[in-house]
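I opened my notebook for a first look at this structure.

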Amino acid sequence: MIQGVLEAALYADDLEAARRFYTGVLGLPEVAAQDRRHVFFGCGQSVLLVFCPAASRQPPGPDALPVPSHGADGPGHVCLRVARADMDAMAARLEHAGIVIESDFRWPHGPRSIYVRDPAGNSVEFAAAELWGLTE
């Protein structure tokens, strides 16, 4: 019944810095935002949610949707799917933007992963679908 991950969430105190990174550097389209609470980005057939943890921990108000409060402390991790043929271009894009590549390596079974940190310190990985035996 489960078809995949529809959305994934990271947390960042500075949503403007997150917006500059995910839209400005990575080119993800912004699909929704609420001032000082969250900014959401389209990511292929998924959505990457970036919440301000202090704001998302607040319970919903009486006129709000009944979404339970949530939040996390410390850096999280997300892996963004990139076609194998585009991995060199992604590395060049990151370097051109002044983003430090924390790790760039090939797994023992062959796929490549590139790791960077977003402005909030979250670990952002770029890898092809073959990392998990999936097809592009």
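How much space lies in the largest pocket? I looked it up in this predicted model and found about 740 Å³.

Next I checked the lining of the largest pocket. I counted 26 residues there, and Cys43, Ser46, Cys79, Leu80 and Arg81 lie nearest the centre. S1, S4, strand S5 (77–81) and strand S8 (123–127) each give two or more residues to this lining. S5 gives the largest share, 4 residues. I then sorted the lining by class: 19 residues are nonpolar, 5 are polar and 2 are charged.

I moved on to the second largest pocket. Its volume is about 270 Å³. I found 15 residues lining this pocket, with Gln34, Arg37, His38, Leu65 and Val67 closest to its centre. Its lining has 8 nonpolar, 6 polar and 1 charged residues.

Then I turned to the sheet. I noted 4 strands in an open sheet, in the order S1-S4-S3-S2, and the pairing is mixed.

I followed S1 to its partner. S1 and strand S4 (residues 46–51) run parallel, joined by 5 bridges. Tyrosine 11 stands opposite phenylalanine 51 in S4.

Last, I looked at helix H1 (residues 15–25). H1 lies across S1, S2, strand S3 (38–43) and S4. It runs at about 10° to S3.

Note on methods
Residues are numbered from 1 along each chain as its sequence is written. This is a predicted model: local features need pLDDT of at least 70, side-chain atom pairs count only at pLDDT 80 or more; totals for chains, interfaces and linings use all residues. Side-chain values use heavy atoms; hydrogens and water are left out. Two strands pair if DSSP finds at least two bridges between them. Contact means heavy atoms within 4.5 Å. Axes are lines fitted to C-alpha atoms, for helices over the stretch in contact, and angles run from 0 to 180 degrees between N-to-C directions. On a 1 Å grid over the protein atoms alone, a cavity is a set of points where a 1.4 Å probe fits but cannot get out, and a pocket is an open set with protein on both sides within 12 Å along at least five of seven lines; lining residues have an atom within 4 Å of a point. Grid points are joined across faces, edges and corners, and a volume is the space filled by probe spheres set on the points. Ala, Val, Leu, Ile, Met, Phe, Trp, Tyr, Cys and Pro count as nonpolar, Asp, Glu, Lys and Arg as charged, and the others, Gly among them, as polar.
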